[in-house]
Structures are given as structure tokens and as C-alpha cells.
Amino acid sequence: MRYSVAIRYLLIFCVFAGIALGLLGCGLGESSEKLDLTKRVSDKTASVALTNDGADDPEVFNFGFDLRGSPHEDARQYLPFLDYLEQATSYRFRLRFTPNDGEIIDDLGSNVVQFAAIGAESYIRARHQYHVIPLVRGLNQYNKAEYQSVIVVAPGSPVEQLQDLVGKRFAFGSLSSTRGHLIPRIVLQEHGISLQDFKLYDHTGSHTNCAKAVISGEFDACGMQDIMGRQLAAEGLLRIVHESNYFPSSGIVTNSKVPEEVRDRVKQALLDFKPLSIHAKRLYRWQLTEMSNGFVEADDEDYHALHEWNHKFGLIRHAEASAEQ
Amino acid sequence: MKLSTRILLLIAGVALFQGVVIVLWGGSLMHKSLHDELSERVSVIGKSAGEAVVDRVIDGDALSVNEILRELKTANENIEYVYITDFDGNMFAHSFKNGFPRDLIALTQKASASEGEMLDRYAVAASEIIHASHPLIEGMDARIHVGINNQDAIKQLSSIRYQMAGVAILAVVMSFFAGIYLSRRVTRPLSRLVALLRYYGRGVAVAPFLVDVKSGGQEVVELNVAFKEMLSERLRSEASMQRLSMALEQSGDAVTITDRDGIIEYVNPAFEKITGYSKREAVGKSHQIVNSGQHEPEFFARLWQTILSGEVFSEVFINRRKDGSHYYEEKTITPIKDATGGIRDIVSSGRDVTERLEDQEHLQYLAHHDALTALPNRALFSDRLNHALAQMREVDDNLAVLFLDLDRFKIINDTLGHGIGDEVLRVLAERLKDCVREGDTIARLGGDEFAILIQGIKTANHAAPIAQKILDSLVQPFELDDRELYITTSIGISLAPMDGDDAQSLLKHADIAMYRAKDLGRNTYQFYSQSMSDAALERLTLETDLRHALEREEFRLYYQPQVNLNSGEITGIEALLRWQHPELGLVEPVEFIPILEETGLIVQVGEWVLRSACIQAKRWQKLYESPLRVAVNLSGRQFSGHELSATLRNILHEAQLDPHLLEVEITESTVMRDDRRTMEVFNTLSELGVGIAIDDFGTGYSSLGYLKRFPIDTLKIDRSFIRDISTDPDDAAIVSAIIALADSLNLRVIAEGVETEAQNAFLCDQGCQTIQGYLFSRPMPADQLEQLLVTPPGSVSDANRVGRKTDNARIH
């Protein structure tokens, strides 16, 4: 090979080698943002910093509820509903969970939440304790602002009628639930069955837990909301042995601290809510709620009968006593 | 750049590219994969941890959540930290032991502001942290934030990347050397082939051979083979091109190649020779340099339209040479198309056909003109006549057609020769031109026939003067070859539209009128009339019937006796031809004899007459045992025919008739037409022993000297002299003279047409021996004549007389 040719080849090699190394060097040396985790602030400072960023907005209303599936499901159901309220009222709403060891009526009373979707039972107690104001009642799938409870047993249960429940294990939903507690109590009472007639009774905390308790065989019967009860019965998981009378349905209430103007606007937005038509597409499983068909205007007088039963069961007395205390 | 260098650069470049791509991309892929895996992992950790603590967060149980977070961190050594913000966005719990990293506050705020999961990556000291933030409940502000340390993975990844880089560099180096080797393997044989091509390009005769190219691979081998084939093909193409080029250069046709716009790109030597333009003068110029301007614009428009449509154009062009002269070129122009079908060039090939076309023009001229007189011929005349007729219809005018036939022109040709005859025709043509207007047409139809077209006349009165002028122009003799020739013509005139509206009819009618003019004595003109056509038609009918009359045995011989004036004895009989037409009855000889003569049938019929007369004479001879001479008229055709003597001999032999009993009668005018020929025939007849009589004596131009020499036996005085001998002293004197002449020459004399006693008496006084006429007997059939033959001799006045009807017919 000639000398000139060798030099040419060598030069070409060097050029390519240099390019290769340069590209590789760039490829290997990648950089990203640097943070220093050693520099610390106190938890309080951090909290303040984070809180300041999200300072309370006077125009943000907290919305609570005591009717729970699971936090995720509840959020999925209520967040689209709150989006509607925001659009309809121009106010901002934030969904708020009530701790398990707390009650929504307390959050209403302490103005932790300004609006809440609560059952009749909760309303009665909140009315007495915190003078909450009813705005609307929910329309069920039959377009009625009332609901009922069902007493369910396992499909293979020997229980055929309520009287068969004496000496059995009975589960309620939440203590504060109208259909999960108050109405089943009324049903039992009307059929001459008291709590003491049961071998065992307990409050499971939710309609779902109540149903699970029966399905699992932990309890023999459960008093739960009619819709879920019928659905589970249709699926063959439970059997309904008794349906209650109709009582005024759950609704949405507000506390007395909410300005009247806001209250009225929100009330009107609720009355304008059309979950079956124009607002349906943004909702998630709204048909499973107790407000599946929308709302009607609510009045305190609507709950008079339930109010009396509360007295009879001593539920309000307990609240009044707590309030006096 | 050398191919070897290119190959090397290409291979090395590709290898480098591949190496870099593999390293970078591979590294990037691995990094991404690792990152995704870690992200997925931290996401899962965050979700599962979030599920575990969401209720506690709802319940506000920060202490238990802290505990859970710390346990989570402990259980996963890669987890650098985990913390939770509540539903209000506040710090709820974290895994840090001493405070909360300040730098994470911003990150937390960023996460809180986002919706859904957020993943981020940042460097911490020598490590890398993947930070994941998940909402505890979708749509709500409570979040769990997890940070996972990426350091180990990064170290591992870097190690792999360095290894890959090393391999890539090694591959580049190996590719580099492979490239050197390969390029040299390929380019060296190619260089040899290039050298071969250069040799070939210099014109060196290179024998295609297979260079040592195997080292270059199969493709190079194939290239070498292809090169050899290409070389051979090129040699063949060059040879073909050379032949084509020579053909173009040596072709006798002018070849021009132009581009699509007509700019000359090539001309061959023939073009130079024909046009006078050299190749250098022509190439680069427009094809229009040879335009003569003789063609209409439409011609060239048609030319270009044809060529541009891809078709071939062939025509005769009138071009112009460099010196300005014109020439005819028979040219074919062909568009040359390229692969797409578009016209690339135009090739024209043509030859100088000037001479040929001029010859054709000359032939065209000759085809329409008479070569002798330069006058239009029959075809051109008919064409002009038709044209004139069409014009006549448009302008409502008349025209006249004059048909000229020279009188007795055949005599001039026969006697003086065709040279003189042609000169007569030429001079006549010139005289005719002086008789007509410039727009009139004179044509020579053929022979001695001419036709003249006179346009724009109103009546026959306008045509007659022209005809008279023509006749007057011929009064002056034709002085040719030291001779003076007097020519006359007969003219027939037809007028359009009265006598016909087409050329054929007008010419025919003019021809008929011309014949009428001839019948009236020639040297005159006649206008056509329908009766002429009728007469012509009748004549034509007779002619047709005559042609069949002989075979149909329609002819009859009538016999008229010749009587001795003194004894009253029948000394001879003249046979006279009659025609018994089946429809017309007995047709007078004056009507059909001329037709026989004109058609030439007279020869056959004349022979029949001779034969029949001789046979009849022989019969009478046997019957009556007395020699009875029979006289038969000979026509001029028979007389001049060369078969006459042989015919007579045969007939006489056939009839077994003594030749002395046959006398042939020839008119004086026939005899005197050609005295030398007459002498030959007379000698022949005389040798045969046949008698000779001169018929119609006195009407011709007999020379007494010839009369003395001719072996004549009889003179027959024409009836025209006999008719008035008793009243006209001149006729009487002529008759007396003839009788005396005959007597002096010792010739027998017969007077024809004797019809009266006075005539008879005169003739007797003058010493005429024999008479023939109605006074004694009219012509009659043989059986009737036999009655006379048995009549005893006596006075002629006692003979049967059949009336005064004069028989002027003769067989001439």
C-alpha cells in the first residue's frame, strides 16, 4: 500500500474514532435536576409552606356525606356531582370525607363541611343538635322522595318472616343510617321485635358491610337500603323477607353558617339537577344513590314521623343529653 | 473521490453509525426500560401504600400512617423517602427522621397542582431519585409521594454502556480494516477495467478478455462479462451506425434532419448538391431557407399539422436553390419520436423531380393537345365544351359547335404524301385561328376533322358568318412544296341548347350536319336539323340491313337490253343491281349503292353481281344458243382492287362463260383517276378477254391519248347528254362528237337513257349503233327479259316500252 494511501486511511480512521468517542461521551453523560435532601425544615414549616400554597379559599365549600360505599367509590360518585354544582352555582366545592370515628353531623355543626348529603336519621339528629337546614330530598328510581328498607337474609335461610328472626343474629348498617338502622328498627318494632329479642345484633357501618355480613353467614339477617338489597336479591346473593313502609328520603342539608344567598343558589342548582338527562353523562353510577332521579324541595316537617320514632327509640334523647352535657 | 476511499468511508461510516446508534439507542432503551420499571415499581408502591393508608388519612391518624411509611421505607432499601399530604394538601405524614427536605416542598407543590399520577426524576448527590406522586383517591388532593433511589441501576447501566461503546469502537476498527480490504478487492479489478476502457476510448483495438477480476467477487466478474458484451455490442452498433451514416452520405436523395422547430441539424451531400447550400451554410438554419414562396400557407399548415400529429407527410415541394432557381422536390417528411412518444426530430428525404415533372407536364400537354397542329385535341375540346355548357346555363347564353371535315383530303395524302398533308393541316390550323375570336376554341379531332367552339352567341346568325369566314379563308391556295393546293371543307354546325345540351350530342349533330354539307356538294356549311338525324338514322338502318342483305339473298339482278339501232337486235344486256328489302320493298339503287361504296360492301356485292350475271349469261347462252354479251358495272373499289383479275378469272371459270361475253363497265371518272393503274387493270382484263366499256362517257376528264392507248371496247354516252339532244344543240354536238370519236377509234358506242323517238332518231342519224333505255326496255328480272329474247328482231319502236323512268343507277 502506498504511503499516501496509508496516511489517507489513517486520517479517516482518526476522524471516525473522534466522532465516535464524542458521541458516546455525550450519550453517557446525561444530566437532570439536582436536589439536596439534606437541607431540612421542620414539619410545621413544611406544613405551612404547603398549606400556604393551598390557603383556604372563602369561596370553597366543603361537601360531606354519610352515605358511604368506599372512599374511592364515594369520591367517584360525588366528584362529578360537585363539578355540576360548581358549574351551576359558580362556587367551588370540595369533597370531604368524615373520619370513621366522626360523624358528618358534627362536621356540619363545626362548619368543617357546609353542605352534606345525609340520611333522614342523620338529619334529625343534626337538626336537633346543630339546626341544620334541609335543602332538598332525593328522588329515587321510582321518582319518589322517599325510601324504604328491606330485611334480607341469605338465600338458603330458614327465615321466612320477621318473627323468625327472634333469637337470630341481626346486622344493621351505620348507626346514623336511616335505612340501615332507623327504618329497620321501626320495622322490627312494628312487628313486636326488640333488639333484646335477637341473639346478637350489631352495626356494621354501611349497607355493604351489612350485606356482606349476611352473605358471609356472620349474621342471619340485615336491615339495609332497599335498592342495594333488591339488587343483591336479584343477583341471588340475598333474599328479602320484608319491605318497610316509605319514609322521607335522604337529602342535602346545609348549616346555618352558609349565607342565605349561597344556600338558595345551591338549592336551586340541586332542584335543577337532571341526573337522568342532560347531566347524566358526567355522573358515575348515580343511579345507585338515593338521589338517582334528582331532588325535590325539602322541609323539616317531612321528617316528623321519623322524628317521633327517634324519640321513641331514645336516639334523640341521647343527642340532647350529649348536647346538654 | 476514489471508489476505494468511498467504500472505505461508507463501510467505516456505517459501522460507526451503527455503533453509535446501538450504544446510544441501546443505552437509551435500557435507561428508559430501567426508568419505566422503576417508575412502575414506585407507582405500584405508591398505589398500594396509598390504599393501605387512605382510611387512616381520612380518620386523621397521622401517627399510624407515619409508622406505616417508615416500615415501608425500611422494607424497601431502594425507597429513599415516602410522605403523604392530606385532603387539604397539608403535610400529613413522612418517613424523614429529622425534618422535611426543603427541596421537596416545591416538588410536592408541583405534584399537588397536577392531576393524577406524577413521575419525576432528579439527581441527589451522586444518585438519581425517581419521585412518584399518586392521589390517594382519584380526583382529591390527598397524595402519597414516593422517592426511589436509582443509583444502582444507573451504575449498572453505565457499565453496560461502556462495554457497548467498547464493542462499537472495536467494530468500527474492524470495519475500517475490512473496508480497506474490500475496497481494494473491488476497486483493483475495476481499475483494470477502467484502463481497458481508456484504451478502447483511444481507438486502440482491444480484444475483449477476462481480466483477473475474480478477486473482486462475482459481481465484478459479471461486470467484466457485461463489459465484454457491451464492447461487442458497441462495435456492432458502431458498424451499423457507420453503414447508416454512409448510406445517408451517399444517398442520392437529399436528407435533412431538423429539430422539432425546423432548425436544420444535418444535411447530406445530396442536399448540398441539389440546393447549392453547403452543410455549414445549412446546419443551424431554419428549413425555410429552401422555401420558394410558391406554396399557399395552407400547404405548410397541413404539413405541420400532419407531422406534429406523428404522421408522415409526402408531397411535391417547389423549393428554391441557393442561386434562386426553383426546383421540384418529391419529399417525405417523417417525425422521429422519443421513448415518451413526443417528437424529437424531423427527418425529410427527397429527390429532385423537376425533369420528371416537366416531362409529365409535357405529357399532360400532349395528352390534351394535337402534336401536329398544337391545337387542343378531342379530349380537351370535350372538356372545354362541357365547361362552356355549364357556363352557358348560368348566363343563359348560347354556343355553337362547328364540325369541319376537309374535302377529299385523302387524295392529297395519297397523292402527295403525308408530309404535305400534315403541312396542310398545320397551315389550316393557323388560318382557322384567324377566323375565330381569342376565347373560342379550335381543336383537331383527328385526321382531317376539326371542331370549333364559339361561345356567347345568341342565334344561328352569329355562327353562320364564322363558318363563311372559314370557307373564305380556304379560297386562297395552300402553297406547299412549290405546289398550290386548293382545299375546301364541309362544315356542320350545331347550336346549344337547341341542338343538344351535352358535348356528345352537339358533336354528333354537328357531324351529321357536316355530312349533309358534303352531300350538298361540299365546300359549304349546314346547320343541323332533326331531319338530318332522321336521314342519318335511316341511312344507318339501311347500312345495317345492307350488311345482311347478301346473306339474306335480298339482292336481285335486273337486266336492261342493249339494242342495235339498225337491226333492233339485242346485242348485249346490262346487269343492274336491285335490293328487295323485306320491309321497304324494292329500294332504289341511288339509295343504297352509295352506302355500299362507302362501307366497302361494294366489293362483295360486286363480286356477287359478276358471278350472278355470268351464270345467267351462260344459261341464256345454253338456252338460246346465241352469244349474248352481258355488261356489269365495276365500282371504283373493285377496279382498283388487286383481286379483280383473279376474281374475274375464277368467276368466268366457275360460270364456264366465254370471257368475251363479259364486258365490264367503268365510269370515265374512275378510269381517269389513276391512268397508270387503269392501264394495268385494262391490260389484265384484256388479257382475260373481258370487254371494257367506259361508262358515263363525257362526264369525266378523259385524255384522248389515254383513250387511244387503253384497250377499250365500248364508250357509253352518259344519259345527261342524251336527255336534251333534241332540244339542246350543245348536247347534240357533244353526242355527235363522241359518236365520231368512237368511230374513229373503232370503238363501239352505246347511248344510254334513250327514252324518246326523237332521241332515237337523232342517234340513228349520227350513226350511233346501240342504244339502251326505256324507249326499248326498262331493266327487268331475268325471266321477264327472256320474253324479249325470244321476240324476233324488229324496230325498236315496236319493242315493249315500259315508260320514261330513267334508270340512272349503275354499279360503279
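Helix α6 of chain A, which spans residues 178–190, is mostly covered, with 11 of its 13 residues buried, where buried means that 20 or more other C-beta atoms, placed from the backbone, lie within 10 Å of the residue's own. Helices here are DSSP runs of H or I with at least four residues, strands are runs of E with at least two, and both are numbered from the N terminus. Among the buried residues of α6(A) are A:R179, A:H181 and A:R185, together with A:L182, A:I183 and A:I186. The helix is followed by A:G192, whose phi is positive, near 75°.

This is a predicted model, in which local features need pLDDT of at least 70 and side-chain atom pairs count only at pLDDT 80 or more, while totals for chains, interfaces and linings use all residues. Residues are numbered from 1 along each chain as its sequence is written, and chains are lettered from A and ligands numbered from 1 in the order in which they are written.

Chain A as a whole comprises 11 helices and 15 strands, and 42% of its 325 residues count as buried. Its average pLDDT, the predictor's confidence in each residue on a scale from 0 to 100, is 85, and 89% of the residues score at least 70. Over residues 318–325 of chain A, however, the pLDDT is below 50, and beyond near neighbours in sequence this stretch has five contacts in the model, a contact being two residues whose C-beta atoms, placed from the backbone, lie within 7 Å. Where pLDDT is low, the predicted coordinates should not be read in detail.

Where chains A and B meet, the contact takes 41 residues from chain A and 50 residues from chain B. On the side of chain B that touches chain A, α1(B) gives the most, with 15 residues. Strand β1 of chain A (residues 34–35) pairs with β4(B) in the parallel sense over two bridges, pairing requiring that DSSP find at least two bridges between the strands, and A:K34 stands opposite B:A123 in β4(B).

Within chain B, five strands form an open sheet of mixed pairing in the order β13-β14-β12-β17-β18. Strands β13 (441–446) and β18 (525–527) of chain B stand at the edges with a single partner strand each, so one side of each is left without a neighbour in the sheet. Strands β12 (residues 398–406) and β17 (residues 489–496) of chain B pair in the antiparallel sense over eight bridges, and B:D405 stands opposite B:S490 in β17(B).

Definitions and conventions:
Buried ≥ 20, exposed ≤ 12 C-beta atoms within 10 Å, placed from the backbone.
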